[in-house]
Amino acid sequence: MRRVSPFRQFRSEMDRVLSDVWAMGSNLATRAFPALNVWETDGEMWAEAELPGVKQEDLDIDVVGNELTIRGQRTAPTDEKMTFHRQERTTGSFRRTVRLPVEVDADNVSATLRDGVLTIRLPKSERAKPRKVQVSVG
Amino acid sequence: MNEPSNVKATTEESGLEPTRGDAAFVPSVDIVEKGNALVMFVDMPGAVPESIDVDFNQGRLSIYGKIKPRGDGAQFLLHEYGVGDFFRSFQVSEDIDAAAISARYEAGVLQVELPKAEALRPRKISVGAG
């Protein structure tokens with residue numbers, strides 16, 4: 001039987017409480033909601049966010065130039081007959097904008113929301129795709 | 001708006017050794033009391049529903065969610081979160097009717113309903129006259 005140090009448990013509880021306090025309403029939060037992962041392939045940029053419990057109709061995705069904006073809201077599972085014992089999941093509205101390093105073809109951006117994972121495919125514009133340069137021996 | 005916790009839990013932080021022995025992410029959880037049941041909402045995006053384990057043993061509820069791998073080998077330009085399995089366990093203070101626990105996975109959220117045991121539900125006792 002492993003003994004857990006009460007100090008370590010206390011400290012990790014305190015870390016969790018304090019990090020919630022710093023993050024609340026802070027414009028200087030080092031992490032915004034939702035967290036984003038962005039990667040690229042030769043032909044496309046991909047953006048992904050974890051948005052569990054967010055409904056498709058509460059989500060807006062815009063692409064202007066090479067700026068991607070994800071906006072939306074998540075409603076709490078409240079009900080007058082419920083009392084919370086614990087509430088950790090964020091609720092309310094959110095917004096994140098990311099400037100992509102390459103030009104994308106805004107007309108052909110597509111997104112899917114599945115099992116709380118939002119995946120956005122942004123094809124690079126023709127100009128932005130890598131080109132192989134032939135080297136001639138002269 | 002505060003942010004979701006997406007922190008890898010070590011064995012010691014979670015206070016319990018998961019049978020798998022790997023570090024896993026700690027999902028954010030809401031726990032509400034609704035009538036005669038406790039309901040838990042667990043953020044678990046991208047899970048394989050058939051591979052989510054919910055165990056209730058002697059008042060301890062353990063949840064393990066296996067995640068479909070994604071983004072493997074990608075060249076990240078921005079990498080704000082990791083993708084991996086979720087684990088969390090709770091000591092439940094109420095007496096729960098274990099046989100009636102149900103769970104549902106929808107839109108990346110696992111909803112676990114724990115009905116309270118019959119014996120502890122408040123009962124109105126009618127008083128006979130005479």
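User: How many aromatic pairs are there over all chains?
Analyst: This is a predicted model, where local features need pLDDT of at least 70, side-chain atom pairs count only at pLDDT 80 or more, and totals for chains, interfaces and linings use all residues. Side-chain values use heavy atoms, with hydrogens and water left out. Rings of Phe, Tyr and Trp (its six-membered ring) pair if their centres lie within 6.5 Å; planes under 30 degrees apart are stacked, over 60 edge-to-face, and the rest tilted. By that rule, the count over all chains is five.

User: What kind of pair do A:Trp39 and B:Phe76 make?
Analyst: Their ring centres sit 5.8 Å apart. The planes are at 75°, so call this pair edge-to-face.

User: Which strands does that pair join across the chains?
Analyst: Strands here are DSSP runs (E, at least two residues), numbered from the N terminus. A:Trp39 is in E1 (residues 36-40) of chain A, and its partner B:Phe76 is in chain B's strand E7 (residues 75-79). So the definition's numbering gives the names E1 of chain A and E7 of chain B.

User: Is A:Trp39 buried or exposed?
Analyst: Buried means under 20% relative accessible area, exposed over 50%, partly exposed in between (1.4 Å probe, protein chains only). A:Trp39 comes in at 11% relative accessibility, so the label is buried.

User: What about B:Tyr64 and B:Phe87: what sort of pair are they?
Analyst: B:Tyr64 lies in strand E6 (residues 60-67) of chain B and B:Phe87 in strand E8 (residues 86-91) of chain B, 23 residues apart. Their ring centres are 6.3 Å apart with planes at 50°, so the pair is tilted.

Notes. Residues numbered from 1 in each chain as written. Chains lettered and ligands numbered in written order. Helix = DSSP H or I, 4+ residues; strand = E, 2+ residues; numbered from the N terminus.
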